Amino acid sequence: MPSTLIHPELRINSYGSWLRRRFGCRISKVNVDGDFTCPNRDGSRGSGGCIYCNNSSFSPGGTQPVIPLETQMAEGMAYHRRRLGSEKFIVYFQKHTNTYGPPAKLRDLFGRALAHPDVVGISVGTRPDALDDEAIAFLEELAREHYVCLELGLQSMDDAILARINRGHTLAEYLRAVERVAGRGIDLCTHLIYGFPGETREGFLRTAELIASLPVTSLKLHQLHAVAGTRLADLYYRGEFVPLTLDEYVATACDFLERLPAEVAIQRLYGSAPLAIRVAPTWDLKNNQMWYTIVNELHRRGTWQGCRLTGECCRVGNL
Ligand code: SF4
């Protein structure tokens, strides 16, 4: 039988269910823009950024940094209350590298976000090489009273791929960051992408073993997609980046989930970009269709997240 952590319909430990178990009500993440930059763009770590990066592809309208934080939060919360009936919120500092700034800025922004009575916590997107001791100590301090999730971008565990995509850090730096954050009350989310040029399915699936060996509480996965204005889009136009097909991605995402411990909550299983800047692949599926394409494939197989770790896949006779 699947673990009780696995949602019977979704066949995964979805982050939505995980949040409901933890907080006892419907929680939504509200994206805000804290006006940070990125060390892989400003020259301190690298320049030009990751080859797939165009921050407008993951920034919903209305979160420009010129808008005061409280206004961004109010608009995001109103949207989620209206659309989903959400009762409480996690403020998500998403764009660029949200620990890459002076300590006073982090104190100001994170403190203001957590001051709202309907905010249960913050989620902070960052890079493994942009976490100084002071930032970790501050997040630990906040985590004594609030939910604090640190979202660390790894993207690939293969250093050759990390170099090829101009990621600007190595697997060892990610592992060192995880080690420094572990045991301090801070939840860890890891970001992964599948479909890099030169990446193999087998190589990617080994990432599930890596995640299983670490104190990672949640995970975001998406297909590599090219958006306008990126070097990846140039590679695509030159025929040097061949995007995955939908079937390839869905099959590998399911293979990956079957190897991932049930304890790891799944925050995301696909990526999307605004139509105006989307280059490839163009699967023409809405976000929830993409999500259910993967869920339906798990149903078709008769499998679920983590089933290969317990040997239960064999018993359902599909694999
Ligand atoms: S680390 Fe993030 S913000 Fe910086 S270049 Fe890469 S994808 Fe863009």
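Valine 124, in strand β3 (residues 119–126), stands opposite leucine 150 in β4. The model is a predicted one, in which local features need pLDDT of at least 70 and side-chain atom pairs count only at pLDDT 80 or more, while totals for chains, interfaces and linings use all residues. Residues are numbered from 1 along each chain as its sequence is written, and side-chain values use heavy atoms, with hydrogens and water left out.

Strands β3 and β4 (residues 147–155) pair in the parallel sense over six bridges; pairing requires at least two DSSP bridges between two strands. Strands (E, at least two residues) and helices (H or I, at least four) are DSSP runs numbered from the N terminus. Strand β2 (residues 88–93) also pairs with β3 in the parallel sense, over five bridges, and here valine 91 stands opposite isoleucine 122. Eight of the eight residues of β3 are buried, so the strand is largely enclosed by the rest of the structure. Buried means under 20% relative accessible area, exposed over 50%, and partly exposed in between, with a 1.4 Å probe and protein chains only.

A search of the whole structure finds 23 salt bridges, each a side-chain nitrogen of Lys or Arg within 4 Å of a carboxyl oxygen of Asp or Glu. One of them joins aspartate 118 and lysine 88 (3.3 Å, N to O). Aspartate 118 lies in the loop between α3 and β3 and lysine 88 in β2, so the pair ties together parts that are 30 residues apart in sequence. Glutamate 141 forms a salt bridge with arginine 107, with the closest N and O atoms 3.2 Å apart. Glutamate 141 belongs to α4 and arginine 107 to α3, so this pair ties together parts 34 residues apart.

In helix α10 (residues 287–301), Met290, Trp291, Ile294, Val295, Glu297, Leu298 and Arg301 are buried. Seen down the axis of α10, the buried residues fall within an arc of 150 degrees, taken from the directions from the helix axis to the C-beta atoms, so they line one face of the helix. The side chains of arginine 301 and aspartate 255 meet in a salt bridge (2.7 Å, N to O), linking α10 to helix α9 (residues 246–258). Both arginine 301 and aspartate 255 are buried.

Conventions
Expected span 1.5 Å × (residues − 1).
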